[in-house]
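Me: Got a protein model here that I'd like to walk through. Can you take my questions one at a time?

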Amino acid sequence: MTEVKIPSRGGRWTRLVTSRPRLSLLAALVLTVLAVLAGSGVADRLGSGGWEDPDAQSTYATKALEREFPDSQPNLLLLVDSGAASVDAPAVAAEANRLAARLADEKGVVGVGSYWQSRSPALRAEDGHEALIAARITGDEKAMGETLDRIAPTLRGTHGPVEVRIGGIVAVRHEMQTIIQEDLTRAEMIALPITLVLLVMVFGSAIAALLPLGIGIVAILGTNAVLRGLTEFTDVSVFAMNLTTALGLGLAVDYALFIVRRFREELATGAEPPAAIAATLRTAGRTVLFSALTVAVSLAAMLVFPQYFLRSFAYAGMAVVLLAAAAALILLPAALVLLGDRVNSLDLRKAFRRGGRSADGRPSGQEGGKGWTRTASLVMRRAPFFALGTTAVLVLLGLPFLGVRFGTADDRQLPSSAESHVVQQHIRDGFPGSPGGGLEVLAEGRATQAQYTAYKERIAALPEVARVDGPLVNGDSAYFTVQPKGESVDDAAQRLVGDLRAAQAPFDTKVTGTAAVLVDSKHAIGSQLPWAAAFIAIVTLLLVFLLTGSVVIPLQAVLLNALSLTAMFGAVVWVFQDGHLSGLLGFTSPGSIETTLPVLMFCVAFGLSMDYGVFLLSRIKEEYDRTGDHERAVRLGLQRTGGLITAAAVILAVVMVAIGTSRVTNTKMLGLGIALAVLMDAMVVRSLLVPAVMRLTGEATWWAPAPLRRFHQRFGLSEGESTPVPREERDRDREDRDQGDRDTVGASS
């Protein structure tokens, strides 16, 4: 097969990154220090919302109600517990009124109301021992958090005959932000030492093991600086910091593993460090570049969605992926040039190895191991069994996702002991009519009282309506509160949103409320999902074609990648929606999955799957270019990358599990779900399904129409230079393959 060779470009790149390695590392140190300074305080500028579509009808109505009727949109609730006494006792009422008056005097607080002022049954618990004071904290998310921090200590706790706890949307989001920051610090403290231990186990050398960690730290700090800059122009979610840590460590380890491993292989052949770096960048370096592009493409697809929660992950993900790749392709080669053979120093596994083995634990100058040789031989011999069997298992594991129910993120994301969660749970369990769970209808335009009354009667007659309150009028605006008969976000409530929006009125109407936000979010996701999927598929197909020159392999890559995610989606529904293992994992199941989470998890997991796919395919392509033997290329590709991919996947899974120890359910779901997807992809799809499918497609795997073959010959990139394998080596390999088959049969018998 004829390939375009571009040694001049590769040579220039090698000279660029290695001619002055000390200067490169010094510049990196300076930039890292600047990134630390620029990114300091980034967590305090991040938001904890972003699930709503900013252009949706519900968002417009919510903002209009906040502006025209601030009392209608309380975001702060004080749960007043009178103990054994009734909330109507004179002493309780007097203390509650004093609390309400104190709250009304606070700067940044408006719309203070309470049960003791309005006597509304919705603000009084059914047992008569709890009641609510409601208010609205004004300003943006940062200002609201600062106000809450200022007033909460004086409101929380015992006041005479009552006990006060703080809830409401502001309290939920503020507590969520605080917990996420604490959990992220804990996750880093868990992941870093375990990652270092695993890297030492993989490399043996402590020096080699420290290099990936250094690359990861540079990527994380650089991304924090990028996020800090983005907060000057747009909203960024605090959840994105978790992805920054996970991908920063995970991908840095992946890329550094691939480059350091290849560099050490080149040294083992007797190459001098400069020549070893040149060969490494020409082969593994290009693989890292393609891998980074495919991961970045998957994450970039989230930019098509309007919710800033998803867009934040795109910002953070693309930044950390590109920074990790840049560090691996610029800083790491400079460090390796300076280290040379000392990259194998501080060999911590030396005492446990027999002689004749290299520092990475393999026979000197050889690759792979008997385990992967036998696996490759077994999969190739029984390709139909492995292809059909693994596909059936993956489909079976994904079946629970067919019962997915989408919902909104609320206080149940927090641990059950969190104060704001406790308050909201008390309201759900003990107060009539689910306060705050109704729908609001904003009416804009001049109207008479008779028109308002007629409209109220019309919507009150809808089958899913339990009660209609209002209207409250302010100039040319008015609003009605509609209580659904069932739960606030069940299917009936979502149908009611459509009925209210379709109801005729002599004025403009907009519907908001929890169910309306959910309906609008589902519509925003559904309308943009085909575009995001098409973007990922088309660009991934193009990148894999440029790497391989085949039109079959890109199709296989996209389909098998998607199939590898079924176990993750099935587990998400079975565990987090249906509540299985909730006690063991320590979360409260809301009975639904937040609408944006499956999109986020798909984009991240698909990108990481392509990361491992590129590692495997690039080595298979390199072997195919050398030998022209399809089966040999597939077998050696698996043999020589199987251990590497598995090690990288285990390390990334450790990082994601550390993220999954979070007390916030969405973060737990993200971390544990992606950890499962990564392990399934590396240990099942890459190790079994991909080689089996490529064995079944045979030489047709490399087919492309003549025009595309010419296009690839001109513009495509290959893994290094194609050096033909002598016939004698092919014959020896065929004998080795036959011996591997016999070993496999013997082992199985």
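Me: How many aromatic pairs does the structure hold?
Reply: It holds 17 aromatic pairs. Keep in mind that this is a predicted model.

Me: Take tyrosine 452 and phenylalanine 507. Why is that pair called tilted?
Reply: Their ring centres are 5.4 Å apart and their planes meet at 45°, so the pair is tilted. Planes under 30 degrees apart would count as stacked, and over 60 as edge-to-face.

Me: Where do those two residues lie?
Reply: Tyrosine 452 is in helix α15, residues 449-460. Phenylalanine 507 is in the loop between α16 (491-502) and β10 (508-513). The pair therefore ties together parts that are 55 residues apart in sequence.

Me: Is tyrosine 452 buried or exposed? And what about phenylalanine 507, buried or exposed?
Reply: Tyrosine 452 has 3% relative accessibility, so it counts as buried. Phenylalanine 507 has 7%, so it counts as buried too. The cut-off for buried is under 20%.

Me: Which residues form an aromatic cluster?
Reply: Trp51, Phe239, Phe309 and Phe313 form one.

Me: New topic, sheets. What is the strand order in the open sheet of five strands?
Reply: The order is β2-β3-β1-β5-β4, with antiparallel pairing.

Me: Which strands stand at the edges?
Reply: β2 (109-114) and β4 (157-159) do. Each has a single partner strand, so one side of each has no neighbour in the sheet.

Me: What does the twist average from one strand to the next?
Reply: It averages 25°.

Me: How many bridges join β4 to β5?
Reply: Three bridges join them, and the two strands run antiparallel. β5 covers residues 162-167. Glycine 157 has valine 164 in β5 as its bridge partner.

Me: Now helix α11. How many residues does it have?
Reply: It has 32, residues 308-339. From first C-alpha to last it reaches 44 Å, close to the 46 Å expected at 1.5 Å a residue.

Me: Where does α11 bend?
Reply: At alanine 328, by about 30°.

Me: How many residues of α11 are buried?
Reply: 23 of the 32 are, so α11 is largely enclosed by the rest of the structure.

Me: What follows α11?
Reply: Glycine 340 does, and its phi is positive, near 60°.

Me: Last one. Where does serine 592 lie, and what does it touch?
Reply: Serine 592 lies in the loop between α20 (582-585) and β11 (593-594). It is buried, with a relative accessible area of 14%. Leaving out residues up to four places away in sequence, serine 592 touches Arg405, Phe406, Gly407 and Gln577.

Definitions and conventions: Residues are numbered from 1 along each chain as its sequence is written. This is a predicted model: local features need pLDDT of at least 70, side-chain atom pairs count only at pLDDT 80 or more; totals for chains, interfaces and linings use all residues. Side-chain values use heavy atoms; hydrogens and water are left out. Rings of Phe, Tyr and Trp (its six-membered ring) pair if their centres lie within 6.5 Å; planes under 30 degrees apart count as stacked, over 60 as edge-to-face and the rest as tilted. Helices (H or I, at least four residues) and strands (E, at least two) are DSSP runs, numbered from the N terminus. Buried means under 20% relative accessible area, exposed over 50%, partly exposed in between (1.4 Å probe, protein chains only). Two strands pair if DSSP finds at least two bridges between them. Axes are lines fitted to C-alpha atoms, for helices over the stretch in contact, and angles run from 0 to 180 degrees between N-to-C directions. The expected span of a helix is 1.5 Å times one less than its number of residues. The bend at a residue is the angle between axes fitted to the seven residues ending there and the seven starting there. Contact means heavy atoms within 4.5 Å.
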